[in-house]
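Hi,

Here is the structure I said I would pass on.

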Amino acid sequence: MWQYYYAGESHLVVELGSTIDLSINSDVHALAGALVALQPRGLREVVPSYRSLMIFYDPLVITAPELRAICQGLMKFKAICRPHQREVLEIPVRYGGELGPDLEQVAEETSLTTEEVVAMHVRRAYAVYMIGFLPGFPYLGGLDPRLSLPRLKVPRTKVPTGSVAIAELQTGVYPLSSPGGWRIIGRTPLRFFNIAESPPSLLRPGQWVRFRSVSGDEYAEIADLVKANRFRPRVVLMDAEHA
Amino acid sequence: MPKFTVVDPGFFTTVQDLGRPGLQQYGVPVGGALDTYSLRAGNRLLGNDDGAAALEMTMRGATLIASGETVTAVTGGKVSVCKNGERVPAWEALHLADGDRLAIGAMEAGARAYLCVAGGIDVPLVMGSRATFLRGVFGGWHGRVLRASDVLPLGELTYVHQTRVGSFVPLPSQARLPAAISQVRVMLGPQNHLFPDDALRVLCSARYQVAAEADRMGCRLSGESLVQNFQTDTISDGVALGSVQVLGSGHPIIMLADRQTTGGYMKIATVISADLPLVGQMRTGDALQFIPVSYEEAIKALQFCEQALHGIPTRALPKRFFHVLLRGENVRVEVSEV
């Protein structure tokens, strides 16, 4: 059952489940998409997260009970609302060295070689469960449990833009330079957040990504193309298998 | 187009409007003025759109020199306003001629004053808004706080703005400012059910002080801990404007305009929209008490605020300005009804 909670008079939380789970998260994105497509008057915006959707609305135009009724109605059609294909974006990454200063430490703590760590990181496709923390920062779930390590004890005061990092069962990319405690294993030349683009975020919640290991030369080449605004990441469509 | 040259930026001054809603799903904070009531009231007074960009000045105001003619209004917290060294009223539409010097003093009550200007501060739109977002270094004036000798482009002065000169907002319709102990109304939830009963009792009875770390992201509070030896982490989810999150220490923080779009601390309550401008006016050391209210009460309070705004401008004095060519010379003429 979906649960509904008030967050003040202008926000409604729809909780679709109580765990971090891919099928619950797909339903969050399906509900978000359906609501935006329906555009009930008074709807301001929706913020999808792991297992809930926060709805921002104008309470002088639409009431919380009305919104709740709309969501209940949409729940009946959730199977239809789920996308039948996954959009997987390919993210080029230069692993290790100066751009991935924690790769060796990760290998040591997991008793793997650096090559094995990279191989495990690129093997899987990751779901964009949500975007938050920083503009354009994707929470990517589904990291190989063998790579799971706690966050750094002392966070870095400055993680460079484009850093690809892991923490526990998650991986992510820093879209802006910021403080951060995740372990940096590489860097992508792609811009995950660009105020000149619409939308400004490279990724949308509900999309998927896959990382590809590139050489230093290819990294530089792609970085030049990105600078010239001439790089479009490869997108692969995969059939979605539902739990 | 008229301009403002910054002589003294004040303590912490940024360009703000009503923010950039619609992009939170991409992790972009809404941002914008903390006291939206004062911003909207000032803009209405001038005949601007509610969301025209203004200067948000924290704790101490700016000193500026106008190049070209414009109309301004200072709203928000209690502050002295001087035009060419002479005291002029706040919450009133004020004409500035080319070369006029406007000096806004230190805050006497409240934390933030707004300098609204005819046509708004005309910095470029970034993702649909002129609001400064400091952590992302975008929006406003080059994504940063103002500095001395910055030159801000202003919007066009129109006939409508000129007719507003002298109109003012009477005291009852001005911003609500912090009291000895401010009563801040909240609705419980969305995660109050995850807390022990004791936490709710403390929330609604304890007095809190605004901590020194309070900023545009969140109003951090010190006082009695809501919980002891209790994990306040949960699965990250959306953060409402006014969300009262409980930190690991058990202290509450009220999430404001520049908050992260998602967060993993439990959210025990949410400040109602009508009281958010008041929170935006609180400064370090100010005391507050949370008052739980129902959904219906929250809506009524919001309607009350909207009605007050709809009444602005309440006392437009009919006064008009004309430029007349007199023997080839441009002369400004003020005409008022008597």
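Bear in mind that this is a predicted model. The link from β3(A) to β4(A) is a hairpin of three residues.

β4(A) also pairs with strand β2 (residues 11-15) of chain A, again in the antiparallel sense and over five bridges. On that side, A:E15 has A:S52 in β4(A) as its bridge partner.

What about cover? Strand β4 (residues 52-57) of chain A is mostly covered, with six of its six residues buried. Side chains in a regular strand alternate between the two faces of the sheet. Here A:S52, A:M54 and A:F56 point one way, while A:L53, A:I55 and A:Y57 point the other way, and all are buried.

Now chain B. Its secondary structure comes to five helices and 20 strands. The radius of gyration is 21 Å, close to the 20 Å from the globule rule for 338 residues, so chain B is as compact as a globular protein of that length. Its C-alpha atoms fill a box of roughly 80 × 40 × 35 Å along the principal axes.

Of the 338 residues in chain B, 57% are buried. Chain B exposes about 13,500 Å², and carbon and sulfur atoms supply 53% of that. As for charge, chain B carries 30 positive and 31 negative side chains, with the centres of the two sets 2 Å apart.

Cheers

Methods. Residues are numbered from 1 along each chain as its sequence is written. Chains are lettered from A and ligands numbered from 1 in the order in which they are written. This is a predicted model: local features need pLDDT of at least 70, side-chain atom pairs count only at pLDDT 80 or more; totals for chains, interfaces and linings use all residues. Side-chain values use heavy atoms; hydrogens and water are left out. Buried means under 20% relative accessible area, exposed over 50%, partly exposed in between (1.4 Å probe, protein chains only). Helices (H or I, at least four residues) and strands (E, at least two) are DSSP runs, numbered from the N terminus. Two strands pair if DSSP finds at least two bridges between them. The radius of gyration is taken over C-alpha atoms; the globule rule is 2.2 Å times the number of residues to the power 0.38. Accessible areas come from the Shrake-Rupley method with a 1.4 Å probe; for residues, only the protein chains shown count as cover. Lys and Arg count as positive and Asp and Glu as negative; His and the chain ends are not counted. The place of a charge is taken as NZ of Lys, CZ of Arg, CG of Asp or CD of Glu.
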